[in-house]
Amino acid sequence: LNDLNSQGKQILFEGAQGTMLDIDHGTFPFVTSSNTVSAQASSGSGLGPNSINHILGITKAYTTRVGKGPFPTELFDEVGDVLSSKGKEIGTVTGRDRRCGWFDSILVKKSVQINGISSIALTKLDVLTGLANLKICTSYELDNEIIDYFPSSQADQERIKPVYEELVGWDKNIRKCQTRESLPSTCEKYLQRIEQLIGVPISIISTSPERTATIVISEPFQS
């Protein structure tokens, strides 16, 4: 790998499992047995940290979780059922249904910071089509106080309540959109707000399960 890197070859490391399952930085004890953050690519491969020049984070246009653990924006209503059904939210390894909720910008921003993410690939944007109103979690309420971070205490994690910002949804079928500019204006406002809240740009948008339904705004792995 070091020889290939010295030759200027492109090397792609792909991680498995989400940031919040990381044994050090995740929602302990509801975590896996190893590190899942981007730094593991270096320690696991033998390439130095300075060999990695772009870190692409992958997140859905809403938030999901498999199994137990804190999930502030989890939905138990008809909208949650819609996200689960349209998004086909079944764990690929466990076969368990994923829990679904509104986009949690606090958790995603934390993931951006821990991983040093350069840009985001936003998937399953089409699943939100048809919802009249969309919500984004922008902060939490903890014991009558508004906080802008995810608490480290498990007891606090169980007590936080999401504070939402509401945006207008869209009805247009976006699965055939080839550019960001062709997306509905309300969809674009949703994307812009996510970028503002998490602090990094969206470089890729997925608008359907088909591989061809991918809008590449900027090539994340250009040398």
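Let me start with Asp156, which is partly exposed, with a relative accessible area of 21%. The cut-off matters here, because buried means under 20%. Keep in mind that the model on the screen is a predicted one.

Asp156 is a residue of helix H5, which covers residues 154-159. Which residues does Asp156 contact, leaving aside its neighbours within four places in sequence? They are Leu142 and Pro151. For a sense of distance, take Thr64: Asp156 and Thr64 are 92 residues apart in sequence, and their C-alpha atoms are 20 Å apart in space.

Now to helix H6, residues 185-198. It has 14 residues, which at 1.5 Å a residue should span 20 Å. The C-alpha atoms at its ends are 20 Å apart, so expectation and model agree. If you try the sum yourself, the rule is 1.5 Å times one less than the number of residues.

Which residues of H6 are buried? The list is Thr186, Cys187, Glu188, Tyr190, Leu191, Ile194, Glu195, Leu197 and Ile198. Note that Glu188 and Glu195 are on that list, and that glutamate counts as charged. And what covers these buried residues? The cover includes helix H4 and several strands, among them S5 (119-123), S6 (133-142) and S8 (161-168). Strands S4 (103-104) and S9 (202-206) are also part of the cover. Just after H6 comes Gly199, with a positive phi of about 85°.

In soluble globular proteins, nonpolar side chains tend to be buried together. In this model the largest nonpolar core has 33 residues. Inside that core, the residues with the most contacts are Leu122, Leu125, Leu128, Leu183 and Tyr190. The elements that each give two or more residues to this core are H4, S5, S6, H6 and S9. Which of the elements gives the largest share? H6 does, with six residues.

Leu125 is worth a look in the viewer. Not counting residues up to four places away in sequence, Leu125 touches Ala61, Trp170, Ile174, Leu183, Cys187, Tyr190, Leu191, Ile205 and Ser206. There is also a second, separate core of nine residues, and it includes Met20, Leu107, Tyr140 and Phe150.

Next, Ile136, in strand S6. Is Ile136 buried or exposed? Its relative accessible area is 0%, so Ile136 is buried. Beyond residues up to four places away in sequence, Ile136 touches a list that includes Phe103, Ser105, Val163, Tyr164, Glu165 and Leu167. Tyr190, Arg193, Ile194 and Leu197 are also touched by Ile136. Ile136 and Ile147 are eleven residues apart along the chain, and their C-alpha atoms are separated by 15 Å.

In strand S8 we find Val168. Leaving aside neighbours within four places in sequence, Val168 is in contact with Ala132, Asn133, Leu134 and Thr186.

Now the pocket. The second largest pocket has a volume of about 180 Å³. Its lining is Ser105, Ile106, Lys109, Lys110, Gln113, Thr138, Asp148, Tyr149, Phe150 and Leu197. Helix H4, residues 105-115, gives the most to this lining, with five residues. Sorted by class, the lining has four nonpolar, three polar and three charged residues.

Last, some backbone details. Most residues other than glycine have a negative phi, and most peptide bonds are trans. Lys88 is not a glycine, yet it has a positive phi of about 50°. Lys88 sits in the loop between helix H3 (78-86) and strand S3 (99-101). At 65% relative accessibility, Lys88 counts as exposed. Gly95 lies in the loop between H3 and S3 as well, and at 48% it counts as partly exposed. Lys124 also has a positive phi, near 60°, and its place is the loop between S5 and S6.

Where is the cis peptide bond with omega of about 10°? It joins Phe28 and Pro29. Pro29 is in the loop between helix H1 (2-6) and helix H2 (39-45).

That is the end of my part.

Definitions and conventions
Residues are numbered from 1 along each chain as its sequence is written. This is a predicted model: local features need pLDDT of at least 70, side-chain atom pairs count only at pLDDT 80 or more; totals for chains, interfaces and linings use all residues. Side-chain values use heavy atoms; hydrogens and water are left out. On a 1 Å grid over the protein atoms alone, a cavity is a set of points where a 1.4 Å probe fits but cannot get out, and a pocket is an open set with protein on both sides within 12 Å along at least five of seven lines; lining residues have an atom within 4 Å of a point. Grid points are joined across faces, edges and corners, and a volume is the space filled by probe spheres set on the points. Helices (H or I, at least four residues) and strands (E, at least two) are DSSP runs, numbered from the N terminus. Buried means under 20% relative accessible area, exposed over 50%, partly exposed in between (1.4 Å probe, protein chains only). Contact means heavy atoms within 4.5 Å. A nonpolar core is a set of buried Ala, Val, Leu, Ile, Met, Phe, Trp, Tyr and Cys residues joined through side-chain atoms within 4.5 Å.
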